[in-house]
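Open the model in your viewer and keep the selection tool at hand. We will go from one stop to the next, with a look around at each.

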Amino acid sequence: MTLLVHTFVHDEPGKPRLLDDPEDGGDMAGFESSRTRLWGSETARALGARFLPRLADDDLWVQPEDVEEFLAECELLRGHTAELGAHSGYREDYVADRLANITRAALRARSVGGGVLVR
């Protein structure tokens with residue numbers, strides 16, 4: 001299984017609609033094992049991540065009002081991709097590429113007043 005990242009908007013209260021994903025594979029957020037080994041790891045938590053660690057237990061829904069905080073978390077982790085990779089067993093470029101995809105989805109969400117789903 002693969003974790004995918006999507007941008008969504010609310011068409012009606014409580015009814016999210018996923019926007020079309022990039023066709024270049026830019027929707028990949030990691031292997032299913034990334035939920036716990038990478039995004040939900042103690043290393044990510046120790047760095048101050050609070051959104052992405054939720055993936056260890058469930059899908060991650062970042063609501064529109066939380067996108068700015070989520071982007072700040074992505075920026076924080078971007079400075080630690082080597083450390084995250086070393087502790088998770090993934091290569092640094094793998095971590096950096098998956099984080100870039102997540103960040104792009106969050107930037108898109110900000111531009112359309114939407115949110116981010118990682119599942």
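The axes used on this tour are lines fitted to C-alpha atoms, for helices over the stretch in contact, and the angles run from 0 to 180 degrees between N-to-C directions. One thing to keep in mind throughout is that this is a predicted model.

**Stop 1: α3 and α5**

Select residues 67-78, which form helix α3, and show α5 alongside; the two pack at about 155°, and their axes are 10 Å apart. Angles over 145 degrees count as roughly antiparallel, so α3 is roughly antiparallel to α5. Their crossing is left-handed.

Now show the side chains where they touch. On the α3 side, pick Val67, Glu68, Phe70, Leu71, Cys74, Leu77 and Arg78. On the α5 side, pick Leu99, Ile102, Thr103, Ala106, Leu107, Ala109 and Arg110.

**Stop 2: α4 and α5**

Next, select helix α4 (residues 81-88) and keep α5 (residues 92-112) on display. Here the packing angle is about 120°, with 8 Å between the axes. The pair is therefore oblique, and α4 passes α5 in a right-handed crossing. From α4, the contact takes in Thr81, Ala82, Leu84 and Gly85, while α5 brings Glu92, Val95, Ala96 and Leu99. By type, the contact of α4 with α5 has five nonpolar residues, two polar and one charged.

**Stop 3: Thr81**

Zoom in on Thr81, which sits in helix α4. Is Thr81 buried or exposed? Its relative accessibility is 7%, and because the cut-off for buried is under 20%, Thr81 counts as buried. Setting aside neighbours within four places in sequence, Thr81 is in contact with Glu92, Val95, Ala96 and Leu99.

**Stop 4: Asn101**

Finish on Asn101, in helix α5. With 5% relative accessibility, Asn101 also counts as buried. Which residue's side chain does the side chain of Asn101 join in a polar contact? Select Arg104: the polar contact between the two side chains is 2.2 Å. Then widen the view to residues beyond four places in sequence, and you will find Asn101 in contact with Val5, Gly25, Gly26, Asp27 and Met28.

Notes. Residues numbered from 1 in each chain as written. Predicted model: local features only at pLDDT ≥ 70, side-chain atom pairs only at ≥ 80, totals over all residues. Heavy atoms only, no water. Helix = DSSP H or I, 4+ residues; strand = E, 2+ residues; numbered from the N terminus. Parallel < 35°, antiparallel > 145°, perpendicular 65-115°, else oblique. Left-handed = near helix turned anticlockwise from the far one by under 90°. Contact = heavy atoms within 4.5 Å. Nonpolar A, V, L, I, M, F, W, Y, C, P; charged D, E, K, R; others polar. Buried < 20%, exposed > 50% of the residue type's maximum accessible area, 1.4 Å probe, protein only. Polar contact = N/O pair within 3.5 Å; in protein donor to acceptor, adjacent residues only side chain to side chain.
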